[in-house]
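This report looks at surface and pockets. The structure comes first, then the reading.

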Amino acid sequence: MSKITRPGIRISKTKVWVALICLLLVFYLVVMFQRSFTLMFVSPEWQAKAMGAGYFLIPLVAAWALIKEVLFGARTEKLANILEAEGGLPVDNLPRTPGGRIVRAAADAEFEKYRLEAEAAPGDWRSWFRLSCAYDAAGDRKRARKAMRDAVTLYRAG
């Protein structure tokens with residue numbers, strides 16, 4: 001992944017794509033608000049007014065989800081930067097298949113190490129961050145996100 005670096009700023013291609021997708025979503029939300037306003041207040045039919053109310057709620061939920069995900073990503077990156085500076089990030093040295101996927105048995109064995117670390121130090125955000133990376137390597141994205149949320153919560157509380 002190529003990065004553009006300036007003092008204090010690291011911009012990756014992923015961040016650029018996320019920014020573009022966010023801009024497109026914001027444009028879509030503005031159009032949805034405009035349509036909902038038209039349906040609710042200009043159209044005389046009650047069915048159109050009901051559809052307009054629904055159109056009004058969809059952008060609110062989408063905006064909430066967008067903000068929540070962007071904040072999650074920013075907080076996760078902050079923790080990763082702290083761990084990187086401390087030398088505490090897990091090393092990605094697991095064997096891979098010819099297709100590039102991590103060998104499941106190796107990921108499961110590595111996972112056990114990080115699970116025990118998190119159990120030994122349940123209040124340490126660093127252990128939860130590393131456990132999240134282990135869940136991700138093992139292919140369990142749902143638990144990886146949960147462990148990362150726990151790491152962010154512990155970091156913000158401490």
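## Surface patch

Is Trp-17 buried or exposed? Trp-17 counts as exposed, because its relative accessibility is 56% (buried is under 20% relative accessible area, exposed over 50%, partly exposed in between, with a 1.4 Å probe and protein chains only). Trp-17 sits in helix H1, residues 13-41 (helices are DSSP runs of H or I, at least four residues, numbered from the N terminus).

Val-16, Trp-17, Leu-20 and Leu-23 make up a nonpolar surface patch. Together they have about 420 Å² of accessible area.

The model is predicted: local features need pLDDT of at least 70, side-chain atom pairs count only at pLDDT 80 or more, and totals for chains, interfaces and linings use all residues. Residues are numbered from 1 along each chain as its sequence is written, and side-chain values use heavy atoms, without hydrogens and water.

## Largest pocket

The largest pocket has a volume of about 1200 Å³ (a pocket is an open set of points on a 1 Å grid where a 1.4 Å probe fits, with protein on both sides within 12 Å along at least five of seven lines; lining residues have an atom within 4 Å of a point). Its lining holds 40 residues. Gly-73, Thr-76, Glu-77, Ala-80 and Phe-129 lie nearest the centre.

H2 gives the largest share of this lining, 10 residues. By type, the lining has 21 nonpolar, 7 polar and 12 charged residues.

## Second largest pocket

The second largest pocket holds about 180 Å³. Its lining includes Lys-68, Phe-72, Arg-145 and Thr-153. H2 supplies the largest share, 5 residues. The lining divides into 3 nonpolar, 1 polar and 5 charged residues.

Conventions. Patches are made of residues with over 30% relative accessible area and no salt bridge: like charges are joined within 9 Å, nonpolar side chains (Val, Leu, Ile, Met, Phe, Trp, Tyr) within 5 Å. Accessible areas come from the Shrake-Rupley method with a 1.4 Å probe; for residues, only the protein chains shown count as cover. A salt bridge is a side-chain nitrogen of Lys or Arg within 4 Å of a carboxyl oxygen of Asp or Glu. Helices (H or I, at least four residues) and strands (E, at least two) are DSSP runs, numbered from the N terminus. Grid points are joined across faces, edges and corners, and a volume is the space filled by probe spheres set on the points. Ala, Val, Leu, Ile, Met, Phe, Trp, Tyr, Cys and Pro count as nonpolar, Asp, Glu, Lys and Arg as charged, and the others, Gly among them, as polar.
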